[in-house]
Amino acid sequence: MPPGHITAVIGPNGAGKSTLFHCLAGTLRPDSGRITLGARDITALPAHARTRTGVARTFQQLAVFPSLTIAENVQVGADRAPAPTPRAADQALRLLDLTALRAHPAGGLPTGALRRTELARALASAPHTLLLDEPAAGLDTAEVTALATLLYALAADGMALLVVEHDLDLVAGLADTVHSMKAGRIIASGPADQILHKGTGRRHMGIGR
């Protein structure tokens, strides 16, 4: 996952996308193989320690603290940055258009606001690598468009992004490289137009052209 590059992983349910993601995020340890960050082997590094290396993530199932305010949720990410800065949480709130909700408890807010909160929390940790597990799940069309615009801007600023996603239209318009998985293996890799427009990814997702 090179800097300034958006990499996507697609595949049907059970293909192994989430398992791969959890290995990269540190919540699962692979039985074999290595996970490297630059020249550093981080295979045995636990999830909480990977944040300190500049790797952040979001979750497929929303994982916010419902009793905390939006600002407090985002501050959790800012406090885990490799080099915490006083304004990181405020900057992330503004970037994700959450300033007006900063004092609102996370519990009871709509999915779109909570997805933005998760992403703001991840960005507040000042990552150079961002892992996104189905970030468009539960979002409406306008919210997906706004998400794509933001992710494209983050990549343009030099961040490395990995997106595990079922929304192939989002993947087609966003990803530089797509890996298609089936039964725990990558069966095709290449530019988005090569993998999606020729049908390789869509066939293995069960989607016709």
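Modeller: Below we go through a helix pair, the cores and a few loop residues.

Modeller: This is a predicted model, where local features need pLDDT of at least 70, side-chain atom pairs count only at pLDDT 80 or more, and totals for chains, interfaces and linings use all residues. Residues are numbered from 1 along each chain as its sequence is written, and side-chain values use heavy atoms, with hydrogens and water left out.

Colleague: At what angle do H3 and H4 pack?

Modeller: Helix H3 (residues 70-79) and helix H4 (residues 88-95) pack at about 120 degrees, with axes 9 Å apart. Helices here are DSSP runs of H or I, at least four residues, and strands are E runs of at least two, numbered from the N terminus. Axes are lines fitted to C-alpha atoms over the stretch in contact, and angles run from 0 to 180 degrees between N-to-C directions.

Colleague: And what do you call that arrangement of H3 and H4?

Modeller: H3 and H4 are therefore oblique to each other. Under 35 degrees is roughly parallel, over 145 roughly antiparallel, 65 to 115 roughly perpendicular, and the rest oblique.

Colleague: Which residues of H3 and H4 meet?

Modeller: From H3, Ile70, Ala71, Val74, Gln75 and Ala78. They meet Ala88, Ala89, Ala92 and Leu93 in H4. Contact means heavy atoms within 4.5 Å.

Colleague: Which residues of H4 are buried?

Modeller: Ala88, Ala89, Asp90, Ala92 and Leu93. Buried means under 20% relative accessible area, exposed over 50%, partly exposed in between (1.4 Å probe, protein chains only). The cover over H4's buried residues includes H3 and H5.

Colleague: New topic. Which residues touch the most other members in the largest nonpolar core?

Modeller: Leu119, Leu130, Leu151, Leu154 and Leu161, out of 38 residues. Such a core is a set of buried Ala, Val, Leu, Ile, Met, Phe, Trp, Tyr and Cys residues joined through side-chain atoms within 4.5 Å.

Colleague: What is leucine 151 in contact with?

Modeller: Leaving aside neighbours within four places in sequence, Leu151 contacts Ile6, Leu119, Leu132, Leu161 and Leu174. There is also a second, separate core of 10 residues, including Leu168 and Leu196.

Colleague: Where does glycine 107 lie?

Modeller: In the loop between H4 and H5. Glycine 107 counts as partly exposed, at 37% relative accessibility. Its C-alpha is 16 Å from that of arginine 121, 14 residues apart in sequence.

Colleague: Which residue just after H1 takes a positive phi?

Modeller: Glycine 26, at about 95 degrees. Aspartate 97, which follows H4, also has a positive phi, near 55 degrees.
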